[in-house]
Amino acid sequence: MNLGRPRIPLIEAKQAEYRPVMHDPWVAAIASARRNVGNLMAAELASHIVHNG
């Protein structure tokens with residue numbers, strides 16, 4: 001029963017296509033995280049040492 005709603009057409013695709021639109025931003029984010037993780041860990045360790053003696 002349709003109930004006045006358009007029906008979704010079903011199609012057969014021989015091959016799906018994928019455009020990796022988020023690949024470059026993802027690679028940049030990972031590179032940025034790798035560059036900054038050392039500084040972040042050092043700051044957290046220093047903070048922990050200050051607060052816990």
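Helices are DSSP runs of H or I with at least four residues, numbered from the N terminus. With that in mind, here are some close-up views of this predicted model.

**View 1. The segment before helix 1, seen at A13.** A13 sits in the segment that comes before helix 1. Is A13 buried or exposed? It counts as exposed, because its relative accessibility is 58% and the cut-off for exposed is over 50%. Now look from A13 to L45: the two residues are 32 places apart in sequence, and their C-alpha atoms are 53 Å apart in space.

**View 2. The salt bridge between K14 and E12.** Here the side chains of K14 and E12 meet, with 3.4 Å from N to O. How many salt bridges does a search of the whole structure find? The search finds one. Both partners can be checked for exposure as well. K14 has 76% relative accessibility, so it counts as exposed. E12 has 65% and therefore counts as exposed too.

**View 3. Helix 1 from end to end.** Helix 1 is made of 30 residues, and 41 Å separate its first C-alpha from its last. That span is close to the 44 Å expected at 1.5 Å a residue. Where does helix 1 bend? Look at N36, where the bend is about 40°. After the helix comes G53, which has a positive phi, near 70°.

**View 4. A nonpolar patch on the surface.** Which residues form this patch? They are W26, V27 and I30, and together they have about 290 Å² of accessible area. A general point about helices is handy here: an α-helix has 3.6 residues a turn, so residues three or four places apart point the same way.

**View 5. Stepping back to the whole chain.** Along the principal axes, the C-alpha atoms fill a box of roughly 70 × 30 × 15 Å. The radius of gyration of the chain is 25 Å, whereas a compact globule of 53 residues would have one near 10 Å. What share of the 53 residues counts as buried? The share is 0%, where buried means under 20% relative accessible area.

Terms used. Residues numbered from 1 in each chain as written. Predicted model: local features only at pLDDT ≥ 70, side-chain atom pairs only at ≥ 80, totals over all residues. Heavy atoms only, no water. Salt bridge = Lys/Arg side-chain N within 4 Å of Asp/Glu carboxyl O. Buried < 20%, exposed > 50% of the residue type's maximum accessible area, 1.4 Å probe, protein only. Patch = residues over 30% accessible without salt bridge, like charges linked within 9 Å, V, L, I, M, F, W, Y side chains within 5 Å. Areas by Shrake-Rupley, 256 points an atom, 1.4 Å probe, with all protein chains shown as cover. Helix = DSSP H or I, 4+ residues; strand = E, 2+ residues; numbered from the N terminus. Expected span 1.5 Å × (residues − 1). Bend = angle between axes of the 7 residues up to and from the residue. Rg over C-alpha atoms; globule rule 2.2 N^0.38 Å.
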